[in-house]
Amino acid sequence: MAIWNKDIETMPREKLEELQLKRLQETVNRVYENVKPYREKMDKAGIKPDDIKTLDDLSKLPFTVKQDLRDNYPYGMFAVPMEQVTEIHASSGTTGKQTVVGLTEKDVDIWAEIAARALSAMGVDKNSVVQTSYGFGLFTGGFGAHYGARKIGAVAIPTSSGNSKRQINIMKDFGSTFLCCTPSYALSLSETLVDMGFTKDDIKLQGGAFGAEPWTEEIRQEIQEKLGINAYDIYGLSEIMGPGVGYECADQSGMHINEDHFIVEVIDPETGEVVPDGSMGEIVFTCITKEALPLIRYRTRDIATINKGMCRCGRTFARMSKPMGRSDDMLIIRGVNVFPSQIEEVLMKTEGVAPHYQIIVDRINNKDMLDVLVEVSNKDLTDEIKSLEALSKKVSAEILSVLGIKANIKLVEPKTIARSEGKSVRVIDKRQLH
Ligand SMILES: [Zn+2]
């Protein structure tokens with residue numbers, strides 16, 4: 001697979017870190033001058049831009065959290081006058097106000113560049129036909145993939161999400177070779193393909209970039225097998241830059257972070273302290289080239305590890321593991337920390353159940369109850385009820401052994417759990433309703 005920007009992506013780490021420090025110092029100066037909330041935070045912490053003398057000094061700077069963006073809604077964190085802003089995006093606010101992000105022309109160019117690096121690493125070149133079934137709109141998913149594909153010189157098809165039959169027809173008729181969407185939508189499209197009477201041999205897809213929701217290795221295998229492609233992980237968040245902040249190479253051993261534009265740290269989510277290299281913790285990004293919204297030490301809530309070792313692909317950029325979940329998504333059930341991804345892993349390893357499930361947590365008589373709804377896979381439908389009981393006991397026992405808590409397993413018929421066209425709703429926590 002090609003390396004889009006070899007000089008940068010394979011730069012010796014020492015040189016890369018020099019570049020990062022120079023850009024960090026410029027950025028900290030710039031936000032101190034131009035962004036009032038940052039100046040106030042730094043003054044309060046007793047830090048001046050000149051105090052940033054090494055990369056380690058970054059840890060002296062205060063964190064930025066989503067609430068800061070809400071408090072300064074909509075444009076209060078922007079570091080440039082509005083006349084320089086050329087694009088606005090926003091992340092869906094499930095609670096409270098949306099978080100609004102702005103990009104200058106140069107920011108959009110950098111976004112296209114990092115997305116081009118990502119797609120190239122996954123095999124996209126100018127002969128590729130890239131179908132983007134992420135939503136286009138205020139969400140950054142669609143545009144990131146689109147700009148990256150265009151930059152490479154591939155054919156970019158912005159189908160956006162939804163209307164699965166039309167997606168499959170376009171895939172067939174336009175000869176799409178590469179698919180960008182959420183992993184759950186990729187699985188859903190693989191079902192539509194079969195429902196329409198086609199097989200993976202009827203389409204030309206070779207690869208896909210999937211992200212915007214957590215997914216496991218088992219889901220990767222499933223997508224690869226059902227669509228006959230290589231499925232790669234892509235990472236991004238609108239506050240930082242959208243898809244392309246991190247990307248997998250052919251080695252599929254973690255997502256390379258575009259470290260010439262973003263400095264990555266891992267912290268203990270409880271204490272805020274930086275953890276030793278290689279330890280699990282919350283991922284924190286600092287933007288060091290962004291003009292409109294250069295966030296400093298932005299807490300992503302994603303829990304993962306960072307590996308700074310050299311990759312077999314030759315890239316020197318650090319690699320981030322698949323996030324095991326968001327610290328926000330972490331459920332505390334009967335005092336036990338549970339990530340939905342851990343339950344998904346159990347389900348994926350159990351024969352007889354399909355990778356479509358819903359987790360429902362409730363509190364009844366002051367006791368947390370965990371229900372897992374999961375579809376039986378097609379081939380087992382003819383089995384007798386007795387063996388379905390055995391199946392649900394098996395799943396329950398597995399969950400008990402992995403998580404140490406008991407779950408009520410409710411097996412349901414195939415295709416009864418709603419399919420997502422974007423981010424799937426897999427966890428319903430009813431405890432907040434009481
Ligand atoms: Zn690599």
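**View 1. Contact between helices α7 and α8 in the predicted model.** In this view, S164, K165, Q167, I168 and M171 of α7 meet Y185, L189, T192 and L193 of α8, where contact means heavy atoms within 4.5 Å and helices are DSSP runs (H or I, at least four residues) numbered from the N terminus. The residues of this contact divide into five nonpolar, three polar and one charged, with Ala, Val, Leu, Ile, Met, Phe, Trp, Tyr, Cys and Pro counted as nonpolar, Asp, Glu, Lys and Arg as charged, and the others, Gly among them, as polar. The axes of α7 (residues 164-173) and α8 (residues 183-195), which are lines fitted to C-alpha atoms over the stretch in contact, come within 9 Å and cross at roughly 80°. That makes α7 roughly perpendicular to α8, a term covering angles of 65 to 115 degrees.

This is a predicted model, in which local features need pLDDT of at least 70, side-chain atom pairs count only at pLDDT 80 or more, and totals for chains, interfaces and linings use all residues. Residues are numbered from 1 along each chain as its sequence is written, and side-chain values use heavy atoms, with hydrogens and water left out.

View 2. Beyond its neighbours within four places in sequence, L295 is in contact with residues including Y38, L69, M77 and F285.

Notes. Axes are lines fitted to C-alpha atoms, for helices over the stretch in contact, and angles run from 0 to 180 degrees between N-to-C directions. Helices (H or I, at least four residues) and strands (E, at least two) are DSSP runs, numbered from the N terminus. Angles under 35 degrees count as roughly parallel, over 145 as roughly antiparallel, 65 to 115 as roughly perpendicular and the rest as oblique.
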